[in-house]
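Let's take a walk through this structure together. Have the sequence and the 3D view side by side as you read.

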Amino acid sequence: MSYTMRDVAKEAGVSVATVSRIINGKGEASPETIAKVKKVIERLNYKPNMLAKSLSERKSNLIALLIPTLNNPFFPELVREIETEANKNGYQIYLCNSDDQRSKVEYYLDSMVNHYVSGAIINSLHVDEKDLSLLEERGIRTITIDRANFEHSYSAITVDHKAGAQDAVTYLIQDNQCKNIVFISGPKGEKSAIDRLLGYKLSLKQLESPIQTKIVYGDFGMESGYQLIRKLLKDGETFDGIFSSNDAMAIGAIRACYEFGIQIPEQVKIVGYDNINMTSYLHPRLSTVDQCKTEVGALAIKELMNLFNNGNEKPNHYELKPKLIIRESS
Ligand code: RIB
């Protein structure tokens, strides 16, 4: 049987308000009353109703986490890191998958308010400054991560994708002597894809030797990487290196090379981006660029706790440095 706060108050011979104050550690109560109430709570094995608590206090211990999709392993792995940190601080994650659609972003922004979430971590370019200020006006402390920009006045945590891409391409050219590289870019409108394209171009500019290059645009999904490389091979294009703007498209590209009998890395070297867990188990294991998911997760929760406890005069902007991970695909 589950008991209510009213049962505890009746059993202890005090008011419901007194029990509430003692449970929430707010307001006055004599040591004797506190001891008496705590004994009854233990005897009845009373568990506070968190939903009722949220409604009365208009605040829950939920942190909303809005992400672009669940179809790409990068995001669930990032969610897991953030969840671990949130739980350590006594919070739970309210997962909001926008499927990269503005209509679903709006649906979840409303839902965050109705669920009295305490904070929001936003990973989407379909969210503008007005959305963020609406959340803040309702007391929801908000930060952005990954597909974020520093132009707005909220804390943001991103990764330096220009540097990550530059390291990957320079590695293909200088360490692998690639002379003809295909760059599989992510979607043209995505900031993380745009930054990697810039890094790719920066690397080519800094190297004396002219390199044959070809840029193709995928959608960050495996199928797009597979179809793009399959088409190049079908059209008789030749290349000795592939840099993919994320691991999912690189995995698709590896499948296409395999179907055309191309040996990796003997004939084509390939580097991805994200360092999703699966890349360590492929054959060959995929070289990639690690996006510091654990650090991003820890920093995101640390920044939110800072906002909950101290507020913030000015937004903190963090840009983490990604790391090239070399494996057998290059
Ligand atoms: O793989 C999905 C990509 O979109 C990742 O590289 C991440 O940066 C996100 O923006």
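Before we begin, a word on naming: helices and strands here are DSSP runs, numbered from the N terminus, with a helix needing at least four residues and a strand at least two. Keep in mind, too, that you are looking at a predicted model.

Start with helix α3, which covers residues 31-44. This helix has 14 residues and spans 20 Å from its first C-alpha to its last, close to the 20 Å expected at 1.5 Å a residue. Just after α3 comes Asn45, with a positive phi of about 55°.

Which residues of α3 are buried? They include Thr33, Val37, Val40 and Leu44. These residues lie on the same side of α3 because they cover an arc of only 60° around the axis. In general, an α-helix has 3.6 residues a turn, so residues three or four places apart point the same way. Turn to the other side of α3 and you will find Pro31, Glu32, Lys39, Glu42 and Arg43 exposed. Among the elements covering the buried residues of α3 are α1 (5-12) and α2 (16-24).

Now move to the largest nonpolar core, which has 27 residues. Ile63, Ile82, Ile121, Ile143 and Ile145 touch the most other members. Two or more residues each come from β1 (62-67), α5 (74-88), β4 (141-145), β5 (156-159) and α12 (293-310). Of these, α12 gives the most, with seven residues.

Zoom in on Ile145: leaving aside neighbours within four places in sequence, Ile145 is in contact with Leu78, Ile82, Ile121, Ile122, Asn123, Ile157 and Ala300. Finally, look for a second, separate core of 22 residues, including Ile254, Cys257, Ile264 and Ile270.

Conventions
Residues are numbered from 1 along each chain as its sequence is written. This is a predicted model: local features need pLDDT of at least 70, side-chain atom pairs count only at pLDDT 80 or more; totals for chains, interfaces and linings use all residues. Side-chain values use heavy atoms; hydrogens and water are left out. A nonpolar core is a set of buried Ala, Val, Leu, Ile, Met, Phe, Trp, Tyr and Cys residues joined through side-chain atoms within 4.5 Å. Buried means under 20% relative accessible area, exposed over 50%, partly exposed in between (1.4 Å probe, protein chains only). Contact means heavy atoms within 4.5 Å. The expected span of a helix is 1.5 Å times one less than its number of residues. The arc is that of the directions from the helix axis to the C-beta atoms.
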